[in-house]
Amino acid sequence: PVPTISWRRADGKQLPRKARRHRSSGLLEIPNFQQEDAGLYECVAENVRGKNVARGQLTFYAQPSWTQQIRDVRAAIEERVSWECRASGRPKPSYRWLKDGEPLLPQGRVQLEQGSLTIANVSLSDAGMYQCVAENRHGVIFASAELSVIAIGPDFSKTLLKKLTLVKVGGEVIIECKPKASPRPTYSWKKGRDILRENER
């Protein structure tokens with residue numbers, strides 16, 4: 001006789017409540033399939049002559065989707081910049097980074113780890129457009145942010161031009177001038193209002 005057909009999950013969990021069973025055609029329909037619906041399913045066909053079971057594995061896959069994106073950053077020279085991007089997906093997405101469309105590799109001041117990018121001692125050459133790329137075999141997504149490196153005018157707040165007293169005639173005096181500035185400044189020296197020019201002394 002025509003068998004009756006029933007469905008069950010092999011792991012003992014209940015079938016999703018949203019599942020629709022069409023017994024006559026042996027069809028199980030699961031709308032809005034989610035990760036928790038994945039697993040091993042069994043179709044049981046039974047009549048007075050016996051019973052048979054067919055099994056099928058339902059696996060959940062999803063293309064990457066951002067849960068955390070990167071944002072534009074303004075940084076002064078020698079500062080530290082960190083970005084982190086995160087994406088969901090099934091299988092778990094992998095990450096890579098681009099700078100101005102070219103692959104970015106970890107080296108020296110640039111450290112990459114999964115969805116994290118850190119640049120130590122930022123310089124003017126680090127300015128540009130950065131992209132975090134998340135991908136699995138079902139899709140690729142991009143998040144973009146710009147790094148602007150700010151130039152700073154000379155700042156003497158942390159530098160002292162010390163007053164020096166010459167103890168011995170004919171001795172040597174060294175005065176250092178190291179202001180914080182970016183890009184690197186040019187220097188000139190004055191004694192009073194007169195510009196000092198290099199000579200044999």
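Student: Where is Asp126?

Tutor: Asp126 lies in the loop between β13 (116-119) and β14 (128-136), strands being DSSP runs of E of at least two residues, numbered from the N terminus. This is a predicted model, in which local features need pLDDT of at least 70 and side-chain atom pairs count only at pLDDT 80 or more, while totals for chains, interfaces and linings use all residues. Residues are numbered from 1 along each chain as its sequence is written, and side-chain values use heavy atoms, with hydrogens and water left out.

Student: Why does Asp126 count as buried?

Tutor: Buried means under 20% relative accessible area, exposed over 50%, and partly exposed in between (1.4 Å probe, protein chains only). Asp126 has 6% relative accessibility, so Asp126 counts as buried.

Student: What makes Asp11 and Arg9 a salt bridge?

Tutor: A salt bridge needs a side-chain nitrogen of Lys or Arg within 4 Å of a carboxyl oxygen of Asp or Glu. For the side chains of Asp11 and Arg9 the N to O distance is 3.2 Å. By this rule the count comes to eight salt bridges.

Student: Why is Arg9 called buried, and why is Asp11 called partly exposed?

Tutor: Arg9 is at 8% relative accessibility and therefore counts as buried. Asp11 has a relative accessible area of 42%, so Asp11 is partly exposed.

Student: Which residue forms a salt bridge with Arg86?

Tutor: The partner of Arg86 is Glu84, with the closest N and O atoms 2.8 Å apart. Arg86 counts as partly exposed because its relative accessibility is 29%, and Glu84 counts as partly exposed at 34%.

Conventions. Helices (H or I, at least four residues) and strands (E, at least two) are DSSP runs, numbered from the N terminus.
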